[in-house]
Amino acid sequence: MSFLRAMVLATVLAAAVGISLAAAVPSTTSGTISSLSPCSAIISAPPLPSQYYGIEMVTTRRVPGTGRAVGTGMVNFARSPFGVAVSPSGRYVYDLSLSIDRIKAPRRGAYTAWAVAPDLQDVVRLGVIEEGQVASARVTWNKFLVVVTLESSTEPTARWHGPVVMRGMSRSGMMHTLAGHGPYENEACLKYGFK
Amino acid sequence: MSIRQRSLWVGLFLLAGSCFDSLPGLSAQRGHTPEPSQVVKTSMLLDEQDAGQMESMEQMDEQGQMGMMHMGSVEVLGDGNVAWRMPPMDAPMPPLPGLENAVPTVGPFMVKGDMDPTGFPEARPGEIVEMDDGETLDLTASIVQRTINGKTFLMYGYNGQYPGPLIKGDRGSTVIINFTNEIEMPTTVHWHGLRLDNRFDGVPDVTQPPVLVGQSFTYELYFRDTGIYWYHPHMREDLQQDLGLYGNMLVMPPENDYYGAVNREEVIILDDLLMDEQGPIPWGDTAPSHALMGRFGNVLLVNGTTDYQLEVDRGEVVRFYITNVANTRTFNMVFGGARVKVVASDVSKFEREEWVESVVIAPAERYVVEVQFDEPGEVELTNSIQAIDDFMGEFYYQLKSLGRVTVRDTTTTNDLSVEFKTLRQHDDVINDIDGYRDAFGREPDHQLELTLRVQNLPTPIMRALEFEAGLFSPPLEWNDAMPMMNWLSSTEQVQWILRDADTGQENMEIEWRFTVGDVVKIRIFNNPETIHPMNHPVHLHGQRYLVLSIDGVPNQNLVWKDTAIVPVGSVVDILADMDNPGTWMLHCHIAEHLDAGMMMSFSVNEQ
Ligand SMILES: [Cu+2]
């Protein structure tokens, strides 16, 4: 992938979830991290399924009745005899399931969930989704977006046409260049094709 | 003895070989050997204390450059020219600012101090040793000459072979192994996956004392379960195993139709070796380097070579017994466009055979697959992964060759296509597992959290880790995405932890007690919210277990395992069949993580 494309991708992904990547990064300002004692590197967590790779859906507020909408996408490895499901090209194979809440039924049409590759070319339809329901599909991309749109057609073969109501990004979309950050803060991003 | 103490002990032997060669009356001096942390060739921690240490290190180095010493009955020569070199990188990235000339805090180790390999016996390809019940095999770990990627250097081998001899025996039989240690440091042999007598499990200071240089130990191997198993040292695996100490055991079934019919059987060991144009990158002497992610190799090996080849007739069905002996690399093995059926794993067949498109295999796991080659021509065997370029923050596709199968134009005279196309259900496995299904739904008996603790890592590394920890850690590390940071972290700075979630006890503090016949559900949570989460292949000695679920999703096709992947962020429920008495280990099978403490023991007592 070219640096330019990577840059475009990062921007698209960041825009899609409405956050700045920089804001998502924990700030390590000065050159020392003396506050980090050996033990503070450990964060205990209860042994419950992790939300780590969960996808937080954010409303775009573009459609009436969606202003308070929330949603979560969860990924599970697709069933595999190896435990971890991986495609022949090494991509994780995930069963993505999406649930949304606090969303009013649209006056016309139906909310429809999609997963989209970063190039915005490959689209997988999860299906029509309503409050309290779950829509799911299998995805095999390194990074992807999840969107809920308002569509006039509920046909399974329908394409994505309508406005984006909610959006989210796979955790992998947060992967970010080290250029200009952390120990490389003096390494110019531009040199590597980043702005 | 704690893991730290054990590391120290091995360290002392290594140290004796690499640094103290010329000290007079060495045997009397051993008691005064400095702590491993002092054996720093060049320190990257430039505070006052370390600067002081460095001075004394330099003196040691000077003394170490002369002469020779005797350790036990083995003469050790060293030319003292072993120096650290920055490992090569798949995706180049600038050196960490401030660490441009840094090297690991441990010293560099090469076999025999990287002396001229000529004069040492050239290793031979592994032989098949068919053993009858009660038969004895002499097995010696020794120094051998290997040529890999055009470089000739010293490695280790069992019986002078790569891999070690393939020990073939019938299920239900017992064979005797007279093992002798002729390498430069203490070792043991662990018979991975065998549910054998605890006394012969090969864990130093748990089931036996380390086998010192020149000494022997007799193992009795009981082949209780059909399948493919492997043997390797249980001391400094990062170094000894990586240097060639590994081999398989193939336990044959009495039933003729235990597996489906095939034209041919192949035993394949996957491995990787970290090399540059000068040869292998040195290993850590007193403790492993690469403690964060384990030592990924850049040269992929099948049965110890880079040119694995197989010739078959068109239409042949080949059963591959695959073992991953790499320190840390998980492979995604693809057989070109050939059709692949997965049949069995570590300790049993699957309940049902399945078609797969690739084989995902973590360190120490085994899979048995059957492949039909029905198109004439060359079939490239590959490792096909989405690697990560950590500096650029990108995935990239990495395809590396593992070997080649040449499919002749001549069609096989024994066409097994019909059988191959049938997916068999293994009622023997299903019936066996039926006895355990009542326990599947119960609450876990024990819960483990996988995490780590770091100390004294250089500030630039800590800053990079902190920057990334809040962003994205992949479920599995398929490549060494941060080669310099990883290399510079030794097990003196990184402690990998199994924590008992109920008691807070960690690693060897944990004391689980069971009785023979107990069926134990263990929930393993790989905490993603740490400074550097990573996947861990969790290995249970001497018993077998089922992976019941991953992240709450039940496993619909069970198989008895001894090692299984616990991905980052996942909760994996396993059900262990504790029916083999003794004191056993549970640990991560990434060699560096094991040395960094990620192990615990449990006892199974007779009723
Ligand atoms: Cu591990």
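Buried means under 20% relative accessible area. Cys588(B), a donor to the copper ion, has a relative accessible area of 1%, so the residue counts as buried. The model is predicted. This briefing covers the copper site and the salt bridges.

**Copper site**
- The copper ion is coordinated by three named atoms: ND1 of His536(B), SG of Cys588(B) and ND1 of His593(B).
- Along the chain, the donors follow the spacing H-x51-C-x4-H.
- His593(B) is buried too, because its relative accessible area is 0%, below the 20% cut-off.

**Salt bridges: overall**
- Side chains of opposite charge can pair when their charged atoms come close.
- Over all chains, the structure holds 42 salt bridges.

**Salt bridges: individual pairs**
- Arg236(B) and Asp238(B) meet through their side chains at 2.7 Å, N to O. Both residues are buried.
- Arg352(B) pairs with Glu351(B), with 3.8 Å between the closest N and O atoms. Arg352(B) is partly exposed at 31% relative accessible area, whereas Glu351(B) is buried at 4%.
- Glu511(B) forms a salt bridge with Arg513(B), the closest N and O atoms being 3.9 Å apart. Glu511(B) is exposed at 58% relative accessibility. Arg513(B) is exposed as well, with a relative accessible area of 59%.

**Salt-bridge network**
- Shared partners link Arg195(B), Arg224(B), Asp225(B), Asp432(B), Arg544(B), Asp577(B) and Asp579(B) into one network of salt bridges.

How values were computed:
Residues numbered from 1 in each chain as written. Chains lettered and ligands numbered in written order. Predicted model: local features only at pLDDT ≥ 70, side-chain atom pairs only at ≥ 80, totals over all residues. Heavy atoms only, no water. Donors = N, O, S within 2.8 Å, 3.2 Å for Na, K, Ca; no water. Buried < 20%, exposed > 50% of the residue type's maximum accessible area, 1.4 Å probe, protein only. Salt bridge = Lys/Arg side-chain N within 4 Å of Asp/Glu carboxyl O.
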